[in-house]
Each structure stands twice: as C-alpha cells, then as structure tokens.
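Subject: Structure for your review

Dear colleague,

Please find the structure below, together with its sequence. My findings follow directly after it.

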Amino acid sequence: MRTVFPVLTVIGVIVALWYAACIPMNSPWTIQQLERAGKTMTVTEHIADTWAQERPRLPAPHQVFQELWDTVVMKKITSKRSLVYHGWITLSATLLGFGIGTGLGILLAVGIVHSRAMDMSVMPWAIVSQTIPIIAIAPMIIVVLYSIGVQGLLPKAFISAYLSFFPVVVGMVKGLRSPDAMQLDLLRTYYASSAQGFWKLRLPASLPYLFASLKIGVAASLVGAIVGELPTGAVRGLGARLLAGSYYGQTVQIWSALFAAAILAAGLVALIGLIERITLRRMGMRT
Amino acid sequence: MTISAQNLDLTFQTNDGPVQALKDVNLEISKGEFVSFIGPSGCGKTTFLRCIAGLEQPTGGAISVNGMTPEEARKARAYGYVFQAAGLYPWRTIGGNIKLPLEIMGFSKAEQADRVARVMELVDLAGFEQKFPWQLSGGMQQRASIARALAFDADILLMDEPFGALDEIVRDHLNEQLLALWARTEKTIGFVTHSIPEAVYLSTKIVVMSPRPGRISDVIESTLPRERPLDIRDSPEFIEIAHRVRDGLRAGHQDDA
C-alpha cells in the first residue's frame with residue numbers, strides 16, 4: 001500500500017504535464033480556426049478545444065485512451081482496424097525473432113567462452129553489428145531476403161533477431177565466465193572434463209545473467225519487428241499503423257499504436273520476469 | 001611415503017619480474033599423518049599444497065603423491081581438496097553439492113545416495129540434505145564442503161585454511177570434529193593455517209615456512225598423544241610446541257625486521 005501513493009502521484013504528474021503541454025501545442029490550430037470563422041472563445045472554451053481536436057499535434061491522454069479502447073476492446077480481433085489484430089502480427093514476428101536471436105546468442109556465447117579464436121573473431125563483429133542503425137539495415141535485409149524468395153514473417157523476425165541476439169551474447173558470455181578461480185580449481189581437483197564444467201557449473205551459474213539479457217532482448221525484438229514493418233510499407237502490424245498514421249496525419253492513431261507497443265513490451269518483459277522468478281526459485285536461489 | 005618433495009622450486013613469472021614462491025622444499029609425509037603448514041602470507045604454504053594437488057606446476061625438483069606425479073594423482077582422484085571458502089553451488093541442495101564430485105566421477109545413483117548419507121553423518125550434517133547453502137551457517141557450509149571432499153574416499157585430504165573465515169568458537173568446535181573425523185577415517189591430511197594453536201592442536205607434524213623466497217624453516221614432530229581433548233591446549237607440552245612454532249616463525253621473519 002505504501003508504494004501505491006507515490007506511483008499514483010508520478011502518474012498524476014505525468015498526465016497533468018501532458019494535458020498542460022497540449023494547450024500550447026494545439027492552440028495555433030484553434031486560433032487559426034477561430035480567425036477563419038471570425039469568432040472568439042473564452043479561455044476555458046479555448047483550452048477545452050485544444051484537448052478535443054480531430055488531428056491535434058499532441059493528442060490529449062483521454063483521446064489516446066479512447067482510441068485504444070475503441071481499437072482494442074470494441075473491434076472484433078479479426079477486423080483490420082483492431083489493434084489486437086495488428087498487435088498479434090507484430091507479436092508473432094517478435095516471438096519468432098526473439099527465439100532465433102536467443103538461440104543464436106547462446107550458441108555464440110558458448111563458442112566465445114570455449115574458443116579463444118571465436119572470442120577474438122566473433123565478439124568485435126557482434127559489437128560492430130550493433131553500431132549500424134537498424135533503420136538503415138532493415139530495408140537491405142528485407143530486399144535481400146525478398147530476392148531469394150523469403151518474405152512474410154521471416155524477414156521481420158530476422159530484424160528482431162538481429163537486435164536481440166546481442167544482449168544475449170554479452171550477458172551469456174559474462175554469465176558463463178562468472179564462476180571464480182576457486183570454483184574452476186575445485187572442478188580441476190575432480191579431474192572434470194570441460195563438458196562437465198559447462199553443464200554442472202558454467203551453465204547454471206549463467207542463468208541469472210541470461211534472464212537479465214532476455215528482458216532487454218525481448219524489448220529489442222519488439223522494436224526490431226516494428227522497424228521491420230516500416231520500410232516495406234506493410235499494411236499489417238503495429239509498425240504499419242504507425243506508418244499509416246503518419247501518412248494521414250492521424251496523430252491519435254500513432255499515439256495509440258505507440259502505447260500498444262509499449263504495453264506489449266512491458267507485458268513481454270514482465271512475462272520473462274515471471275519465468276525468471278519461478279526458475280531461480282526452483283533452483284533454490286534467493287531472488 | 002604418501003607425499004614426497006625433493007628440492008622443489010617454483011618461480012612465478014609476474015609483471016614485476018619473477019617471484020620465487022618455493023625454494024628448495026624437501027618434505028616427506030607418511031600415510032595417516034596430519035601435517036600443518038604454517039607461516040606468514042607469501043611463505044608459499046598454499047602454493048605447496050597446490051603443487052601436491054597438481055594445480056601448480058613446480059619449476060624445479062621432484063614431487064610425488066602416492067608414488068605418482070601430482071598430475072597422475074589428480075587424474076586418479078587421489079585427494080579431496082577443501083578451499084578457504086565453502087564454494088557450494090547455490091543452485092544445488094547440500095546433498096546435491098556433495099553429490100557433485102560423485103556425478104563427475106560416474107558413481108551409480110544408488111552409490112551416490114549411500115555415500116552422501118554416509119559423509120553427511122561423518123560431518124554431523126545428517127538431516128540437512130535438502131537444505132540450500134544459504135539456509136546454513138558458515139561453519140555448517142564449510143562442513144558440507146569437507147563432506148564433499150570426503151565423498152569419493154580419497155586417502156588424502158588437502159585443506160587450505162578451511163576455517164580461516166570462521167569465528168574462534170566455531171573454529172574450536174570444527175577443529176575437534178576434524179580430529180575425530182581424522183581418527184575415524186585414517187586419512188592423510190595436509191592443512192594450511194595462520195593459527196599457531198590450530199596447527200599445534202591438530203597436527204602430528206608442523207611445517208613452519210617463511211617468505212621471500214618461500215621455504216621451510218622448521219619441521220616439528222608433535223609429541224602430543226593422538227587423543228586430544230580441547231583442554232590439552234593448556235598443557236605444558238602444548239605450550240612448549242607452540243613456543244617452538246613461534247620461534248620458527250620469528251626466525252623466518254628476522255630479515256624483515
């Protein structure tokens with residue numbers, strides 16, 4: 001209960017700032033319309049108008065949530081106007097990409113930890129891969145894959161994987177290397193093979209690091225899937241909603257798609273957090 | 001001879017140049033002996049124990065363990081090693097931790113369970129098999145790590161300051177238990193310590209070492225009986241041996257003063 005009050009206060013402050021910001025952002029339009037019509041308004045009416053425009057520069061919170069309500073709850077999920085429908089399109093690419101990225105990341109990390117050659121040769125490229133803006137490389141991936149006949153879900157999933165493998169590599173390498181010299185010496189006294197060292201010590205020791213990486217990775221995957229929808233002029237998915245919204249000046253639609261993406265990401269991170277808690281607790285670790 | 005070292009030298013190459021960790025170390029340890037290594041930091045006592053275990057490679061001289069090279073002895077799982085920290089895996093129960101070497105060495109499931117039960121009894125931890133390490137005190141964790149080292153029945157037990165991180169009262173208790181365990185199992189024990197009373201109380205042979213370069217300055221054969229109640233530490237004999245250890249330590253330090 002003690003945490004509820006501060007949390008509500010912060011939300012209240014953000015909403016208040018948001019409403020306040022809508023007034024100067026949307027005022028010019030209101031003034032322009034009044035001048036054109038040759039009318040005047042009281043200050044209260046003027047402010048109310050900045051919160052109720054059809055295509056505001058900055059939509060007011062209630063407009064965004066009205067749109068979210070209409071497109072998430074009120075529409076059938078098979079409808080092209082349902083955000084649940086578009087959300088699922090993006091989510092399926094996200095999950096596939098996250099799976100590919102996580103698998104690839106773990107494999108690379110295992111290779112890097114066990115082979116000095118891989119450590120020297122793979123890690124720099126993994127770092128370089130992340131310095132290239134995803135928005136620049138996403139269209140290339142899609143074009144190249146299209147030319148070899150791969151389209152649909154997979155190209156988006158690859159972009160997702162491209163973003164999500166990196167935190168997994170970094171976290172897993174750190175985790176697999178986390179056992180200290182004494183623990184490694186202990187295994188030497190048993191004359192354990194390096195495979196035994198991997199399965200009995202390194203892998204279990206790396207799990208807390210892996211989960212931290214997965215939380216970052218899953219959010220990055222979602223960003224990747226959305227970015228993957230932008231350059232293709234996709235008509236389905238949250239990225240497509242953002243794109244369509246910006247073509248037609250539908251700011252309310254853009255913001256509601258943004259919120260949907262944020263809520264989806266929060267849900268995914270929370271889900272990983274839950275799996276983490278259950279797994280580590282079953283392993284007897286205090287969390 | 002269970003363990004025999006002749007003219008053992010070990011020089012580490014560091015960024016500040018070579019450091020002579022062991023110089024001309026000669027020592028014979030017979031089966032069933034309890035040998036303590038005592039000396040200030042940098043005297044090479046831990047390094048010597050690690051040479052016996054085949055965890056460090058000597059740069060000169062010869063060392064044999066059970067008539068083999070330390071590397072072969074390690075391969076033959078000739079010794080159990082107890083480190084200063086218990087180093088139990090937090091994701092395994094106490095029973096699971098003790099099982100670790102047994103799994104690695106390929107004992108059958110039934111054999112594993114038998115041995116775990118037996119060594120837990122031996123270190124007085126029966127009933128704690130299903131607990132996780134964090135649920136145990138430091139002293140109990142260290143006992144579990146001793147049980148882990150005993151589980152595969154090596155004749156030699158090497159202990160590197162196993163009670164160094166524990167308080168005096170717990171330490172006394174564990175020393176007493178360790179003696180009882182030694183009497184029951186008849187193992188050969190190599191024990192590194194900083195504490196004079198601990199060395200004198202436990203050992204049949206006390207090896208006093210001094211630093212820069214690490215070397216043996218005195219080897220004291222204890223005249224105490226094998227049966228040692230805690231109050232033997234007030235006997236004149238005990239005090240005399242402790243004196244000799246202290247003299248040996250002081251002699252090794254003279255060039256520092």
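Predicted model: local features only at pLDDT ≥ 70, side-chain atom pairs only at ≥ 80, totals over all residues.

**Salt bridges within the chains**

B:Arg115 pairs with B:Asp153 in a salt bridge whose closest N and O atoms are 3.5 Å apart. B:Arg115 belongs to helix 4 (residues 109-122) of chain B, while B:Asp153 lies in the loop between helix 5 (138-150) and strand 6 (156-160) of that chain, so the pair ties together parts that are 38 residues apart in sequence.

In chain A, a salt bridge joins A:Arg241 and A:Glu67, with an N to O distance of 3.9 Å. This pair links distant parts of the chain, 174 residues apart: A:Arg241 sits in helix 10 (residues 238-247) and A:Glu67 in helix 3 (residues 61-74). Are these two side chains buried or exposed? A:Arg241 is buried, with a relative accessible area of 10%, and A:Glu67 also counts as buried, at 17%.

A further salt bridge in chain A connects A:Arg177 with A:Asp119, the closest N and O atoms being 3.2 Å apart. Here, too, distant parts of the chain are linked, 58 residues apart: A:Arg177 is in the loop between helix 7 (153-176) and helix 8, and A:Asp119 is in helix 5 (residues 116-131). A:Arg177 is partly exposed, with a relative accessible area of 41%.

Over all chains, a search of the whole structure finds 19 salt bridges.

**The interface between chain A and chain B**

At this interface, 19 residues of chain A are in contact with 26 residues of chain B. The two chains bury about 2,300 Å² between them, and 63% of that is on carbon and sulfur atoms. On the side of chain A, the residues that lose the most area to chain B are A:Tyr190, A:Tyr191 and A:Lys200, which together make up 31% of what that side buries.

A:Lys200 also forms a salt bridge with B:Glu103, in which the closest N and O atoms are 2.9 Å apart. The count of salt bridges between the two chains is two, and seven residue pairs, both at pLDDT 80 or more, are in polar contact across the interface.

**The domains of chain A**

Chain A is divided into domain 1 (4-58) and domain 2 (83-282), whose centres, taken over C-alpha atoms, are separated by 39 Å. Six residues of domain 1 are in contact with seven residues of domain 2. About 470 Å² is buried between these domains, with carbon and sulfur atoms giving 57% of that area. A:Trp18, A:Arg55 and A:Pro56 supply 69% of the area that domain 1 buries against domain 2, more than any other three residues.

Between the two domains there are zero salt bridges and one residue pair in polar contact, both at pLDDT 80 or more. The side of domain 1 that touches domain 2 has three nonpolar, no polar and three charged residues.

Yours sincerely

Notes:
Residues numbered from 1 in each chain as written. Chains lettered and ligands numbered in written order. Heavy atoms only, no water. Contact = heavy atoms within 4.5 Å. Buried area = accessible area lost by both parts, 1.4 Å probe. Salt bridge = Lys/Arg side-chain N within 4 Å of Asp/Glu carboxyl O. Polar contact = N/O pair within 3.5 Å; in protein donor to acceptor, adjacent residues only side chain to side chain. Helix = DSSP H or I, 4+ residues; strand = E, 2+ residues; numbered from the N terminus. Buried < 20%, exposed > 50% of the residue type's maximum accessible area, 1.4 Å probe, protein only. Domains from an automatic or database assignment. Nonpolar A, V, L, I, M, F, W, Y, C, P; charged D, E, K, R; others polar.
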